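Subject: Structure for your files

Hello,

The structure is below, followed by notes on what was found in it. Please read the notes with the model open.

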Amino acid sequence: MTYDGMAACERAGVFAERNEAKFSGDGCVPPASGGDGFRVTVVTTGGESRDATASARAVIEPKCDFMPPEVPVPEEAEPDPDPTEPGEEPEPEPEPEPEPITGLTCGEESWTIDPEDPTLPSAADLFTVRLAGNDE
């Protein structure tokens, strides 16, 4: 599952509209420091004599940890009984494929993922979104 910044900004816009506000200035932009999240500035649209403006920065953080699978150790190759011609390089042996990640721990909950039928938990189970200050 990957972070979809465009979808996150669309949802932020919907949330702003529910609260009688709309994007202002640059609208919804990724954080200057990189990472997953976005920064928005909104202005109220409630018809008051003075509009109010507010900015917020949302940071998306993973809730889960996983134990990476052990990387298989390549077998030692036997010497080739047919030497290569001078200037001809032997073909390298393919790297062994790592085992798939099959377990996640998200807070107190553990998830086992079947590689044959990979069903992932929901985004709400995997990530948390929090508002961050300007110095984070």
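**Strand pairing and the pocket**

Phenylalanine 38 stands opposite alanine 58 in E3. This is a predicted model, in which local features need pLDDT of at least 70 and side-chain atom pairs count only at pLDDT 80 or more, while totals for chains, interfaces and linings use all residues. Residues are numbered from 1 along each chain as its sequence is written, and side-chain values use heavy atoms, with hydrogens and water left out.

The protein has two helices and seven strands, in the sequence pattern α-β-β-β-β-β-β-α-β. Helices (H or I, at least four residues) and strands (E, at least two) are DSSP runs, numbered from the N terminus.

E2 and E3 pair in the antiparallel sense over seven bridges; two strands pair if DSSP finds at least two bridges between them. E3 also pairs with E7, again antiparallel, over six bridges.

The largest pocket holds about 850 Å³ of space. Of its 33 lining residues, Ala8, Ala12, Phe38, Ala58 and Val129 are the closest to the centre. A pocket here is an open set of points on a 1 Å grid over the protein atoms alone, where a 1.4 Å probe fits, with protein on both sides within 12 Å along at least five of seven lines; lining residues have an atom within 4 Å of a point. Grid points are joined across faces, edges and corners, and the volume is the space filled by probe spheres set on the points.

At least two lining residues come from each of helix H1 (5-18), strand E1 (21-29), strand E2 (37-44), strand E3 (53-62), helix H2 (123-126) and strand E7 (127-132). H1 gives the largest share, eight residues. By class the lining has 24 nonpolar, four polar and five charged residues (nonpolar: Ala, Val, Leu, Ile, Met, Phe, Trp, Tyr, Cys and Pro; charged: Asp, Glu, Lys and Arg; polar: the others, Gly among them).

**Helix H1**

The 14 residues of H1 should span 20 Å at 1.5 Å a residue, and its end C-alpha atoms are 20 Å apart, which agrees. The expected span is 1.5 Å times one less than the number of residues.

Ala8, Cys9, Ala12, Gly13 and Ala16 of H1 are buried. They cover an arc of only 145 degrees around the axis, which puts them on the same side of H1; the arc is that of the directions from the helix axis to the C-beta atoms. Glu10, Arg11, Phe15, Glu17 and Arg18 are exposed on the other side. Buried means under 20% relative accessible area, exposed over 50%, and partly exposed in between (1.4 Å probe, protein chains only). Buried residues make up 20% of the 136 in the protein.

Glutamate 20 lies in the loop between H1 and E1. Its phi is near 55 degrees, a positive value in a residue other than glycine.

**The three-stranded sheet**

E4, E5 and E6 form an open antiparallel sheet in the order E4-E5-E6. Strand E4 (64-65) and strand E6 (109-112) are at the edges with a single partner strand each, so one side of each has no neighbour in the sheet. E4 pairs with strand E5 (residues 103-106) over two bridges, and cysteine 64 is opposite cysteine 106 in E5.

Tryptophan 111 is in strand E6 and, at 23% relative accessibility, counts as partly exposed. Tryptophan 111 and phenylalanine 66 are 45 residues apart in sequence and 9.8 Å apart in space, C-alpha to C-alpha.

Regards
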